[in-house]
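Visitor: Please take one part of this model and look at it closely. Then connect that part to the rest of the chain, step by step.

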Amino acid sequence: MSLLSVRHISKRFAGVAAVSDVSFDVQAGELLALIGPNGAGKSTCFNMLNGQLKPDSGQVILDGVDVVGKSPRQVWKHGVGRTFQIAATFGSMTVLENVQLALHSYRSGVFAVWQAMSHSHRQDALSLLEQVGMHEHADRPCSVLAYGDVKRVELAVALSNQPKLLLMDEPTAGMAPKERNELIALTKRLVIERQIGALFTEHSMDVVFGYADRMIVLARGKLIAEGEPNAVRADPKVQEAYFGTGKTFTNEQLEGATA
Ligand SMILES: Nc1ncnc2c1ncn2[C@@H]1O[C@H](COP(=O)(O)OP(=O)(O)OP(=O)(O)O)[C@@H](O)[C@H]1O
(Lines give C-alpha, C1' and ligand atoms only; values in the text may rest on other atoms or scores of the structure.)
Protein backbone atom coordinates (compact mmCIF):
# COMPACT_ATOMS: atom_id res chain seq x y z
CA MET A 1 0.00 0.00 0.00
CA SER A 2 1.27 3.48 -0.86
CA LEU A 3 1.89 5.95 1.93
CA LEU A 4 -0.19 8.53 0.06
CA SER A 5 -2.74 7.73 -2.62
CA VAL A 6 -4.32 10.68 -4.35
CA ARG A 7 -7.27 9.55 -6.43
CA HIS A 8 -9.10 11.64 -9.01
CA ILE A 9 -8.99 14.94 -7.14
CA SER A 10 -10.52 17.96 -8.82
CA LYS A 11 -11.06 21.58 -7.81
CA ARG A 12 -12.75 24.41 -9.67
CA PHE A 13 -12.74 28.10 -8.85
CA ALA A 14 -15.69 29.77 -10.57
CA GLY A 15 -15.01 28.97 -14.23
CA VAL A 16 -11.44 27.78 -13.73
CA ALA A 17 -10.62 24.06 -13.50
CA ALA A 18 -7.57 24.53 -11.26
CA VAL A 19 -7.04 20.77 -10.79
CA SER A 20 -8.79 18.14 -12.93
CA ASP A 21 -8.95 14.46 -12.08
CA VAL A 22 -5.41 14.15 -10.75
CA SER A 23 -4.18 10.84 -9.29
CA PHE A 24 -0.73 9.89 -8.01
CA ASP A 25 1.03 8.01 -5.21
CA VAL A 26 3.89 8.73 -2.83
CA GLN A 27 5.77 5.82 -1.26
CA ALA A 28 7.52 5.77 2.12
CA GLY A 29 11.15 6.78 1.63
CA GLU A 30 10.40 8.57 -1.64
CA LEU A 31 11.09 12.15 -2.71
CA LEU A 32 8.52 13.09 -5.35
CA ALA A 33 8.78 16.38 -7.25
CA LEU A 34 5.67 18.18 -8.46
CA ILE A 35 6.42 20.57 -11.27
CA GLY A 36 4.44 22.59 -13.78
CA PRO A 37 4.30 26.00 -15.39
CA ASN A 38 2.78 28.95 -13.54
CA GLY A 39 -0.92 28.44 -12.91
CA ALA A 40 -0.66 24.66 -13.49
CA GLY A 41 -2.45 23.85 -10.23
CA LYS A 42 0.49 22.96 -7.97
CA SER A 43 -0.57 25.14 -5.01
CA THR A 44 -4.19 24.06 -5.34
CA CYS A 45 -3.04 20.45 -5.27
CA PHE A 46 -0.87 21.04 -2.17
CA ASN A 47 -3.70 22.83 -0.41
CA MET A 48 -6.01 19.89 -1.02
CA LEU A 49 -3.46 17.55 0.53
CA ASN A 50 -3.02 19.56 3.72
CA GLY A 51 -6.68 20.30 4.39
CA GLN A 52 -6.66 23.97 3.44
CA LEU A 53 -8.90 23.27 0.46
CA LYS A 54 -11.54 20.59 0.11
CA PRO A 55 -11.52 18.88 -3.30
CA ASP A 56 -14.79 19.01 -5.23
CA SER A 57 -14.30 15.29 -5.75
CA GLY A 58 -11.71 12.58 -5.21
CA GLN A 59 -9.83 11.01 -2.32
CA VAL A 60 -6.61 11.77 -0.48
CA ILE A 61 -5.68 8.61 1.39
CA LEU A 62 -2.77 8.95 3.80
CA ASP A 63 -1.66 5.80 5.55
CA GLY A 64 -5.04 4.18 4.90
CA VAL A 65 -7.21 7.13 5.99
CA ASP A 66 -9.09 9.46 3.65
CA VAL A 67 -8.26 12.97 4.91
CA VAL A 68 -10.64 14.82 2.59
CA GLY A 69 -12.87 17.05 4.72
CA LYS A 70 -10.47 17.13 7.66
CA SER A 71 -9.19 20.50 8.90
CA PRO A 72 -5.54 21.51 8.40
CA ARG A 73 -5.05 20.85 12.12
CA GLN A 74 -6.49 17.34 11.85
CA VAL A 75 -4.42 16.59 8.75
CA TRP A 76 -1.30 17.83 10.54
CA LYS A 77 -2.12 15.62 13.52
CA HIS A 78 -2.59 12.69 11.18
CA GLY A 79 0.97 13.15 10.00
CA VAL A 80 1.45 15.78 7.34
CA GLY A 81 4.32 18.22 7.93
CA ARG A 82 4.78 21.31 5.80
CA THR A 83 7.46 23.83 4.90
CA PHE A 84 6.81 27.05 3.05
CA GLN A 85 8.30 28.93 0.12
CA ILE A 86 9.26 31.74 2.49
CA ALA A 87 10.61 30.06 5.60
CA ALA A 88 8.18 30.33 8.50
CA THR A 89 10.03 30.61 11.81
CA PHE A 90 9.72 33.11 14.64
CA GLY A 91 12.68 35.46 14.26
CA SER A 92 12.58 36.80 17.81
CA MET A 93 12.75 33.30 19.28
CA THR A 94 15.86 31.18 19.41
CA VAL A 95 16.44 28.21 17.16
CA LEU A 96 15.75 25.90 20.10
CA GLU A 97 12.56 27.73 21.14
CA ASN A 98 11.12 27.45 17.64
CA VAL A 99 11.42 23.67 17.74
CA GLN A 100 10.29 23.45 21.39
CA LEU A 101 7.15 25.42 20.50
CA ALA A 102 6.35 23.06 17.63
CA LEU A 103 6.82 20.00 19.86
CA HIS A 104 4.75 21.60 22.59
CA SER A 105 1.98 22.39 20.15
CA TYR A 106 1.90 18.83 18.85
CA ARG A 107 2.06 17.07 22.20
CA SER A 108 -0.16 19.31 24.29
CA GLY A 109 -3.01 19.30 21.82
CA VAL A 110 -3.09 23.08 22.02
CA PHE A 111 -2.38 24.61 18.67
CA ALA A 112 -1.60 28.21 19.39
CA VAL A 113 -1.04 28.62 23.12
CA TRP A 114 2.33 29.77 24.35
CA GLN A 115 3.44 28.65 27.79
CA ALA A 116 6.63 29.32 29.70
CA MET A 117 8.58 26.33 28.50
CA SER A 118 12.27 26.80 29.04
CA HIS A 119 12.56 23.09 29.89
CA SER A 120 9.70 21.81 27.79
CA HIS A 121 10.76 19.17 25.26
CA ARG A 122 14.30 20.54 25.34
CA GLN A 123 16.10 17.26 24.71
CA ASP A 124 13.80 16.23 21.90
CA ALA A 125 14.14 19.67 20.32
CA LEU A 126 17.92 19.43 20.52
CA SER A 127 17.77 16.00 18.98
CA LEU A 128 15.71 17.30 16.04
CA LEU A 129 18.15 20.19 15.65
CA GLU A 130 21.03 17.75 15.62
CA GLN A 131 19.34 15.86 12.80
CA VAL A 132 19.30 19.00 10.67
CA GLY A 133 22.79 20.10 11.74
CA MET A 134 21.63 23.11 13.78
CA HIS A 135 22.11 22.07 17.44
CA GLU A 136 25.19 24.26 17.84
CA HIS A 137 23.06 27.27 16.96
CA ALA A 138 20.29 26.35 19.42
CA ASP A 139 20.50 29.50 21.53
CA ARG A 140 20.76 32.03 18.72
CA PRO A 141 17.68 33.97 17.63
CA CYS A 142 16.38 32.84 14.25
CA SER A 143 16.53 36.44 13.02
CA VAL A 144 20.35 36.40 12.90
CA LEU A 145 20.70 33.14 10.96
CA ALA A 146 21.71 32.80 7.32
CA TYR A 147 18.70 31.93 5.19
CA GLY A 148 19.87 28.38 4.53
CA ASP A 149 20.08 27.79 8.28
CA VAL A 150 16.57 29.18 8.81
CA LYS A 151 15.37 26.62 6.27
CA ARG A 152 17.05 23.87 8.30
CA VAL A 153 15.28 25.05 11.45
CA GLU A 154 12.02 25.10 9.52
CA LEU A 155 12.68 21.50 8.54
CA ALA A 156 13.19 20.55 12.21
CA VAL A 157 9.90 22.30 13.03
CA ALA A 158 8.16 20.39 10.23
CA LEU A 159 9.48 17.10 11.67
CA SER A 160 8.16 17.84 15.17
CA ASN A 161 4.80 16.14 14.58
CA GLN A 162 6.61 13.01 13.38
CA PRO A 163 5.10 13.38 9.92
CA LYS A 164 4.52 10.46 7.62
CA LEU A 165 4.41 12.88 4.71
CA LEU A 166 6.32 16.13 4.23
CA LEU A 167 4.90 18.75 1.86
CA MET A 168 7.53 21.25 0.79
CA ASP A 169 6.58 24.29 -1.23
CA GLU A 170 9.65 25.30 -3.23
CA PRO A 171 12.03 24.36 -0.43
CA THR A 172 15.08 25.89 -2.08
CA ALA A 173 13.56 29.17 -3.32
CA GLY A 174 15.90 32.12 -2.80
CA MET A 175 18.92 29.98 -1.98
CA ALA A 176 22.37 29.90 -3.56
CA PRO A 177 23.28 26.66 -5.42
CA LYS A 178 25.51 25.25 -2.67
CA GLU A 179 22.96 25.80 0.13
CA ARG A 180 20.22 24.56 -2.16
CA ASN A 181 22.00 21.27 -2.77
CA GLU A 182 22.85 20.84 0.91
CA LEU A 183 19.25 21.39 2.01
CA ILE A 184 17.76 18.98 -0.48
CA ALA A 185 20.45 16.37 0.20
CA LEU A 186 19.63 16.68 3.91
CA THR A 187 15.92 16.31 3.14
CA LYS A 188 16.58 13.23 1.06
CA ARG A 189 18.66 11.66 3.84
CA LEU A 190 15.92 12.31 6.42
CA VAL A 191 13.24 10.93 4.10
CA ILE A 192 15.18 7.69 3.74
CA GLU A 193 16.20 7.40 7.40
CA ARG A 194 12.73 8.10 8.71
CA GLN A 195 10.95 6.26 5.89
CA ILE A 196 8.60 9.17 5.33
CA GLY A 197 7.38 10.43 1.98
CA ALA A 198 8.09 13.92 0.67
CA LEU A 199 6.29 15.82 -2.05
CA PHE A 200 7.88 19.07 -3.15
CA THR A 201 7.26 21.74 -5.74
CA GLU A 202 10.36 23.18 -7.29
CA HIS A 203 11.35 25.56 -10.04
CA SER A 204 15.03 24.70 -9.81
CA MET A 205 15.57 21.86 -12.25
CA ASP A 206 19.02 20.94 -10.95
CA VAL A 207 17.36 20.09 -7.64
CA VAL A 208 14.62 18.06 -9.31
CA PHE A 209 16.91 16.12 -11.62
CA GLY A 210 19.61 15.70 -8.99
CA TYR A 211 17.48 14.46 -6.09
CA ALA A 212 13.89 13.50 -6.92
CA ASP A 213 13.20 9.77 -7.13
CA ARG A 214 10.23 10.47 -9.40
CA MET A 215 8.39 13.48 -10.66
CA ILE A 216 4.88 14.39 -11.71
CA VAL A 217 4.04 17.21 -14.07
CA LEU A 218 0.87 19.30 -14.05
CA ALA A 219 -0.23 21.59 -16.87
CA ARG A 220 -3.53 23.49 -16.86
CA GLY A 221 -4.71 21.43 -13.93
CA LYS A 222 -4.09 18.04 -15.52
CA LEU A 223 -1.39 15.50 -14.76
CA ILE A 224 0.46 15.19 -18.07
CA ALA A 225 3.44 13.03 -17.12
CA GLU A 226 4.92 11.04 -14.29
CA GLY A 227 7.94 8.85 -13.81
CA GLU A 228 11.69 9.00 -13.36
CA PRO A 229 13.09 12.46 -14.02
CA ASN A 230 15.10 11.57 -17.12
CA ALA A 231 12.13 9.87 -18.79
CA VAL A 232 9.82 12.76 -17.93
CA ARG A 233 12.31 15.30 -19.27
CA ALA A 234 12.15 13.65 -22.69
CA ASP A 235 8.35 13.50 -22.77
CA PRO A 236 7.02 15.62 -25.66
CA LYS A 237 3.98 16.73 -23.60
CA VAL A 238 6.29 18.12 -20.93
CA GLN A 239 8.46 19.89 -23.48
CA GLU A 240 5.36 21.40 -25.04
CA ALA A 241 3.93 22.56 -21.71
CA TYR A 242 7.09 24.46 -20.92
CA PHE A 243 7.72 25.85 -24.38
CA GLY A 244 4.15 27.07 -24.37
CA THR A 245 4.74 29.39 -21.42
CA GLY A 246 8.51 29.87 -21.22
CA LYS A 247 7.91 31.18 -17.71
CA THR A 248 9.20 28.54 -15.37
CA PHE A 249 12.12 26.96 -17.06
CA THR A 250 13.55 27.12 -20.51
CA ASN A 251 14.40 24.57 -23.15
CA GLU A 252 18.09 24.94 -22.26
CA GLN A 253 17.37 24.25 -18.59
CA LEU A 254 15.33 21.20 -19.48
CA GLU A 255 18.06 19.80 -21.69
CA GLY A 256 20.94 20.96 -19.56
CA ALA A 257 19.69 19.65 -16.23
CA THR A 258 21.59 16.54 -15.29
CA ALA A 259 21.35 14.13 -12.44
N1 LIG B 1 -8.66 31.04 -4.78
C2 LIG B 1 -8.71 31.04 -6.11
N3 LIG B 1 -9.72 31.66 -6.76
C4 LIG B 1 -9.79 31.66 -8.11
N5 LIG B 1 -8.88 31.06 -8.91
C6 LIG B 1 -7.85 30.45 -8.34
C7 LIG B 1 -7.70 30.40 -6.91
N8 LIG B 1 -6.57 29.70 -6.62
C9 LIG B 1 -6.05 29.34 -7.81
N10 LIG B 1 -6.81 29.77 -8.83
C11 LIG B 1 -6.57 29.54 -10.27
O12 LIG B 1 -6.35 28.14 -10.42
C13 LIG B 1 -5.30 27.91 -11.35
C14 LIG B 1 -4.19 27.11 -10.67
O15 LIG B 1 -3.54 27.94 -9.70
P16 LIG B 1 -2.39 27.44 -8.73
O17 LIG B 1 -2.04 28.60 -7.86
O18 LIG B 1 -2.81 26.18 -8.08
O19 LIG B 1 -1.21 27.16 -9.76
P20 LIG B 1 0.36 26.97 -9.47
O21 LIG B 1 0.81 25.85 -10.34
O22 LIG B 1 0.59 26.82 -8.01
O23 LIG B 1 0.96 28.33 -10.00
P24 LIG B 1 2.31 29.13 -9.56
O25 LIG B 1 3.48 28.30 -9.99
O26 LIG B 1 2.19 30.40 -10.34
O27 LIG B 1 2.22 29.35 -8.08
C28 LIG B 1 -4.85 29.27 -11.86
O29 LIG B 1 -5.54 29.54 -13.05
C30 LIG B 1 -5.29 30.20 -10.75
O31 LIG B 1 -5.54 31.49 -11.25
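**Aspartate 21 and its surroundings**

Guide: Aspartate 21 counts as partly exposed, because 14 C-beta neighbours lie inside 10 Å of its own C-beta. The model is a predicted one, and the values below are to be read accordingly.

The backbone is the reason to pick this residue out. Most residues other than glycine have a negative phi. Aspartate 21 is not a glycine, yet its phi is positive, near 55 degrees. The residue is part of strand S2, which covers residues 16–26.

Four strands, in the order S2-S1-S4-S5, make up an open sheet with antiparallel pairing. S2 is one of its edge strands and S5 (65–66) is the other, each pairing on one side only. The strand that holds aspartate 21 is thus described as an edge strand.

Further into the order, strand S1 (residues 4–13) and strand S4 (residues 57–62) run antiparallel and are joined by 5 bridges.

Glutamate 170 sits in the loop between strand S7 (165–169) and helix H6, whereas aspartate 21 lies in a strand. Glutamate 170 is classed as partly exposed because it has 18 C-beta neighbours inside 10 Å.

The protein is split into domain 1 (1–79 + 163–259) and domain 2 (89–162). Between them, 14 residues of domain 1 are in contact with 12 residues of domain 2. On the domain 1 side, helix H2 (72–78) and helix H6 (177–194) each contribute at least two residues. H6 gives the largest share of that side, with 6 residues. Sorted by class, the domain 1 side has 8 nonpolar, 3 polar and 3 charged residues.

Note on methods: Residues numbered from 1 in each chain as written. Predicted model: local features only at pLDDT ≥ 70, side-chain atom pairs only at ≥ 80, totals over all residues. Domains from an automatic or database assignment. Contact = placed C-beta atoms within 7 Å. Nonpolar A, V, L, I, M, F, W, Y, C, P; charged D, E, K, R; others polar. Buried ≥ 20, exposed ≤ 12 C-beta atoms within 10 Å, placed from the backbone. Pairing = 2+ DSSP bridges.
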